[in-house]
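Subject: Structure handover

Hi,

Here is the structure we talked about. My notes follow below it.

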Amino acid sequence: MIHITDGRTDQIVSFIDEEQFWDDKHTKSLKDTLETFDFTTFADKRFSEYLAERNRVIIPDEDGEYIEFIIENTRKFHSADGFFVEVYTSASYIELAKAKVIEPQTTPAWTAKQHAEMALSDTEWEIGTVDFAGSRTITIESYTNPYSYLKQVANEFGLELHFRVETDGNKVTRRYVDLVERVGGWNGREVEFGKDLIGIERKEDFSNVVTALVGIGPEREDGTRLQVFVEDKDALARWGRNGKHLIEVYEPESADVNMTLERLRSLTEVELSKRINSVVEYTADVADLEKVPGLEHEKFRFGDTIRIKDTAFTPPLYLEARVHTVERSIKRDGQKTVTLGDYIEYTEEDVTAIWRALRSQILKKISMSDLLNTTYTKAEIDDKDTTVQTVAAQDAANKAAAAETNAKTYAETKAQQAETNAKQAVQNGEVPIPASAILGELELANTILKNANSTVFSDQNGNLYFVDPNNHNLVVKITSNGIAVGKNGVNGSFATAITGNGIIADLITSGGINADLVRIANDRVTIDKNGITVKQADFLVEDPITSVKTSIVKKTNLVQDHSFEMFDADANDNPVDISRYPEDFWFKWKIYGSPKLLSDKYTEVNNSYHPIFGANTAVVNRSNSFEQYIPVKPNRTYTLSAFFRTSMKYNPSGAKPRLHIEFFDANDNSIGGASQDFPATPANNPVVVRYAKTFTTPSNARSVRILPMSVDYNTWIEVDGVQLVEGDKPVTYDPEDKLWQMRTRFREKFYSVYSPVFNSVAVQYLGLDDKTISQANGFLVLRSLNDRIYLQSPIEIRAVKPYTTADYIPILASAFRNQSQRESKKNIEPFNDSVVEKIKNTQVYTFHFNYEEDDAKKHLGLMVEEAPEHIVSGDSIDLYAMNSYLWRCIQELIQRIEKLEATLATEA
């Protein structure tokens with residue numbers, strides 16, 4: 001699609017659909033930084049009148065960024081097929097050459113960003129992304145302009161220029177200039193003849209070959225200039241004639257008056273290296289495979305490095321080169337042609353030699369079959385480990401069982417012998433201890449040992465170990481310090497579970513705690529039988545997927561309409577602002593680009609696309625979203641959060657969410673931002689995840705601009721429940737379903753305009769149970785069986801086409817009546833003006849409205865600008881006043897007729 005904007009206001013005035021233009025060619029070149037867009041379209045459509053007067057057109061690039069062009073020339077022509085116009089445009093950044101005049105001067109040692117800021121001051125353009133490349137002093141020797149100066153800055157710093165614009169869906173809002181190390185990169189793209197290389201052309205130019213250069217430096221303050229001689233002996237042997245050099249003078253494009261001899265020599269050597277060979281340029285027609293489903297990874301862009309293989313070329317062609325010129329169609333199935341430069345050309349022998357070297361290295365490695373003959377596979381090793389473990393475990397169990405039996409037998413024997421000896425000693429009076437005491441202790445020991453369910457060990461320090469007979473890794477250790485538990489056998493580590501001070505709570509694995517008997521407390525939180533008491537603390541809920549911690553403490557959400565309920569959606573999911581003040585800048589969402597809106601109106605048709613909250617959910621990407629400007633306080637901490645979900649309707653493969661935040665000062669100047677990207681939502685899984693970004697506003701911040709979006713330009717993602725609160729954490733989200741249901745109840749019942757779901761709905765919310773809204777045979781009916789129907793507005797009622805404010809439609813009825821009782825009026829005065837001459841001199845026209853097709857039936861009527869003032873009401877004609885005006889005209893004509901009749905009667 002092509003958007004057309006007014007050349008003076010930047011307002012979008014019309015658009016051209018893809019099927020309404022052809023022969024379109026977008027050309028962009030690194031060699032001269034020029035960019036054009038030409039196309040052919042109809043000359044007799046609604047949009048045609050805007051293709052003139054240096055208006056502008058906006059097209060998308062291959063990644064969704066917008067490019068702006070100025071209409072420079074048009075050529076209209078009539079043929080047997082119709083009336084057409086050819087449109088020729090140039091990139092709008094070329095206008096920087098006319099933006100202002102920069103006087104000769106020597107700048108301080110500035111960075112590239114500072115030089116660019118000086119060039120762009122007082123222009124429509126501003127600095128975007130600038131890569132740091134040190135600082136330099138630049139001497140401007142003659143009057144110049146911002147565009148030329150930007151190219152000089154890019155050359156001095158070894159950077160490349162990139163221009164882009166942003167829109168809000170209605171007009172161009174910002175224009176950026178980027179200075180980056182390199183436009184494009186290496187993305188692994190290989191092009192092969194027979195696959196995606198349609199054709200290739202090789203041009204070789206020998207006209208600028210030299211074998212030596214004389215480098216001349218900039219003129220210094222004393223009027224002198226440095227000079228160096230640089231030659232290439234190999235080039236002399238190849239290109240020289242009779243041993244004589246092909247030599248030219250080279251003056252570097254630099255105004256550095258302090259240039260050293262070494263710097264001049266280095267620049268001259270670099271230039272010579274470019275000119276000792278012929279200039280070769282390749283032009284290739286390449287099929288754009290990224291538009292084929294499943295081959296999206298096969299993309300390449302302006303400035304990228306690609307590899308080309310064409311074995312049918314003579315000699316066979318193996319080429320690595322950079323795309324420095326692109327010619328493409330902006331249509332979905334358009335083809336593109338690329339011109340390549342900065343190339344490295346390989347012969348077939350070079351490629352074969354590289355392959356043989358790699359093959360030789362591989363053959364030196366031990367083969368997999370040799371490896372399998374000298375070792376075990378992982379499965380065999382695992383099997384052997386399992387066998388060893390099984391045997392060892394069985395052996396340990398047998399020995400432990402035998403030890404347990406021997407211990408019990410030995411203990412019982414010793415206990416019986418000790419009991420007998422003790423009894424005998426007491427009976428003989430040798431030991432003054434009651435026999436019952438010793439018997440009690442011995443019986444207890446016997447009971448413990450006989451009934452023990454674990455294997456019992458002790459160490460030299462007297463510590464006891466109870467080993468679970470079913471799992472030897474589970475051990476209870478009893479020491480003088482308490483009871484500990486371990487999960488790695490007797491020799492493993494232990495964690496203390498019980499001490500004289502109480503139970504270690506993190507080792508409780510099951511069961512419950514009686515809150516009537518337990519009190520848990522610190523200086524902020526107390527939990528007991530009376531409940532939970534919190535002092536200046538918070539309750540946090542952690543998202544199981546994103547780990548975002550949410551506070552349950554209530555705070556005000558600064559985002560208005562945070563669930564996008566003040567929008568309607570048409571049948572194609574395009575959002576329509578239905579708020580009371582759609583043009584408001586503050587306190588509401590503004591449409592940015594062309595986002596989508598999932599509405600519950602359509603879930604009856606396909607219930608796979610229910611909104612996350614309320615009636616609507618936004619579907620956005622980097623180029624198409626919703627933006628909102630919100631007042632904030634300086635030096636305050638805020639947290640922006642939103643709920644994201646994979647769009648099963650528009651992008652089931654998932655997308656990376658982004659929360660975009662931009663700060664503005666009191667003069668609405670952008671002063672930085674605090675955006676953050678997040679992990680992609682899962683593919684083919686509509687799980688809802690919440691992400692949050694905490695930031696602190698600058699000292700001069702007065703507002704923020706927020707946009708929930710995806711990281712990439714063309715990957716859709718769903719977003720809902722946007723929240724901005726003060727503090728370092730989001731709070732529990734409170735959906736606004738009920739609030740907006742109250743606000744839009746009538747609108748909800750009015751959805752039958754779009755959907756056949758509601759065949760007959762009672763409007764009970766308005767207390768008018770005898771009235772219905774129904775739909776049948778494509779008609780919408782507002783019905784009252786026994787009473788009037790009132791349409792209320794403080795201004796007027798207008799009937800227009802859907803989603804417009806000026807495309808009017810007829811109203812059909814048996815009568816149109818105006819209120820005219822004397823009791824309803826005041827300031828009543830007779831109207832006796834003469835109107836005949838005014839009516840006589842007011843032209844009547846036939847015409848079409850702007851939104852109508854040229855072959856539609858014409859209307860008959862007056863022009864408001866020419867009509868008598870008594871019948872004009874704003875931008876329209878008051879029919880009641882017009883009829884009264886004609887009534888007054890008839891009265892005048894009757895008076896004239898009566899006067900003529902009286903005269904004739906007298907003469908007779």
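Start with the helix: α4 lies across β17, β18 and β19, and runs at about 35 degrees to β18. Axes here are lines fitted to C-alpha atoms, for helices over the stretch in contact, and angles run from 0 to 180 degrees between N-to-C directions. Helices (H or I, at least four residues) and strands (E, at least two) are DSSP runs, numbered from the N terminus.

This is a predicted model: local features need pLDDT of at least 70, side-chain atom pairs count only at pLDDT 80 or more, and totals for chains, interfaces and linings use all residues. Residues are numbered from 1 along each chain as its sequence is written, and side-chain values use heavy atoms, with hydrogens and water left out.

**Helix and sheet**

Which residues of α4 are buried? They are L264, L267, T268, E271, L272 and R275. Buried means under 20% relative accessible area, exposed over 50%, partly exposed in between (1.4 Å probe, protein chains only). These residues cover an arc of only 140 degrees around the axis, so they sit on the same side of α4. The arc is that of the directions from the helix axis to the C-beta atoms. They pack against β17 (212–216), β18 (227–231) and β19 (247–250); contact means heavy atoms within 4.5 Å.

The three strands form an open sheet, order β18-β17-β19, with mixed pairing. β18 and β19 are at the edges with a single partner strand each, so one side of each has no neighbour in the sheet. Neighbouring strands are turned by 20 degrees against each other on average, direction ignored. β17 and β18 pair in the antiparallel sense over five bridges. Two strands pair if DSSP finds at least two bridges between them. G215 has V228 in β18 as its bridge partner.

**R175 and D10**

R175 lies in strand β14 (residues 172–180). R175 is buried, at 5% relative accessible area. Its side chain makes polar contacts with the side chains of D10 (3.0 Å) and E68 (2.8 Å). A polar contact is a pair of N or O atoms within 3.5 Å; within protein, one must be able to donate a hydrogen and the other to accept it, and residues adjacent in sequence count only if both atoms are side-chain atoms.

D10 is in the loop between β1 (2–5) and β2 (12–16). D10 is buried too, at 11% relative accessibility. D10 has a positive phi of about 70 degrees, though it is not a glycine. Most residues other than glycine have a negative phi.

Regards
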